[in-house]
Amino acid sequence: MRVKDAVKKRELVAFLLEEEGIKLAPAERITRRTVRDRAPLSFAQQRLWFLNEFAGGTSAYNISLALLVGGRIDAAVFERALNEIIRRHEVLRTTFTSTAGLAEQVIHPSLHLELPLIDMSSLSQQERLAEVEKMARHEAEAPFDLRTGPVIRFKLVFFNEQEHVLLLTMHHITSDAWSVTRFFRELRTNYKCFLNGQPSPYPELPIQYADFAVWQRDWLQGDVLEKQLGFWRKYLAGLPSLLEMPTDRPRAAVQTFAGKVESLQVLPRNVEELKALSQREGVTLFMTLF
């Protein structure tokens with residue numbers, strides 16, 4: 001589910017390199033790998049695998065959402081729609097292992113997950129919200145075992161005939177924000193089709209994320225790798241080892257990573273000015289706001 005985003009990142013790196021007068025040779029088209037049950041990790045996956053092993057199983061890279069679903073739901077059809085996504089996307093039925101220090105993806109031929117249904121219809125509205133919030137927090141904080149899998153889990157909470165909450169959690173090693181949008185689009189379409197006795201309209205994918213990982217490993221080596229590493233060594237030379245941001249309290253010796261969300265509104269004209277500033281400084285709008 002992450003191939004499109006990964007290709008975009010390569011295009012961004014190529015642009016930055018060309019700004020420095022370094023041009024990359026055109027990469028070959030991504031093709032289907034010959035070994036179907038195993039594949040190397042992409043570089044992005046390797047970073048997350050290392051952090052997971054280093055932290056001993058952390059929930060820091062969980063992608064967790066609670067989605068309010070209106071209208072009647074056929075739980076059996078909903079479960080089938082969810083599993084169709086898992087069937088279509090290999091990365092959602094992938095586990096991770098290492099042999100002699102070398103990590104690799106293990107792609108399982110099939111995986112069917114049951115959809116737990118939690119009935120909260122007997123609770124008051126206030127009690128339901130409190131319970132589902134507690135359950136969502138538990139799901140978000142429960143780590144995944146990347147070696148045994150699965151790397152995705154979901155639950156359906158029943159409020160009443162017209163209100164449900166879907167709790168969905170995936171590990172970042174198999175998904176990202178762009179993928180979540182795609183996930184819900186496929187879920188909505190699959191459910192509607194299955195409910196009407198029709199098959200899923202989505203064709204088989206010509207390539208999977210593991211195909212991209214194989215291609216990336218083959219492409220990013222030798223001179224290509226050295227040129228990119230050389231660029232970033234030069235670009236990041238002299239940066240402090242620790243970024244000390246101005247805060248209202250001293251930096252704690254032990255980080256808890258406890259945070260919260262603060263919301264604010266920015267006027268449209270200020271947004272345009274911020275975008276212009278970001279372009280002048282050669283950074284993203286996110287970096288400017290940060």
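Visitor: How many bridges join strand β3 to β4?

Guide: This is a predicted model, in which local features need pLDDT of at least 70, side-chain atom pairs count only at pLDDT 80 or more, and totals for chains, interfaces and linings use all residues. Residues are numbered from 1 along each chain as its sequence is written, and side-chain values use heavy atoms, with hydrogens and water left out. Strands (E, at least two residues) and helices (H or I, at least four) are DSSP runs numbered from the N terminus, and two strands pair if DSSP finds at least two bridges between them. Strand β3, residues 94-99, runs antiparallel to β4, and the bridges joining them number six.

Visitor: Which residue in β4 stands opposite P40?

Guide: Strand β1 (residues 38-40) pairs with strand β4 (residues 102-107) in the antiparallel sense, over three bridges. In β4, T97 has E104 opposite, and the residue opposite P40 is likewise E104.

Visitor: Which word describes how α3 and α5 lie to each other?

Guide: Helix α3 (residues 75-88) packs against helix α5 (residues 177-195) with axes 8 Å apart and an angle of about 130 degrees. Axes are lines fitted to C-alpha atoms, for helices over the stretch in contact, and angles run from 0 to 180 degrees between N-to-C directions. Angles under 35 degrees count as roughly parallel, over 145 as roughly antiparallel, 65 to 115 as roughly perpendicular and the rest as oblique. The two helices, α3 and α5, are therefore oblique.

Visitor: Which residue in the hairpin of β3 and β4 takes a positive phi?

Guide: This hairpin has two residues between its strands. The residue with a positive phi, near 55 degrees, is A100.
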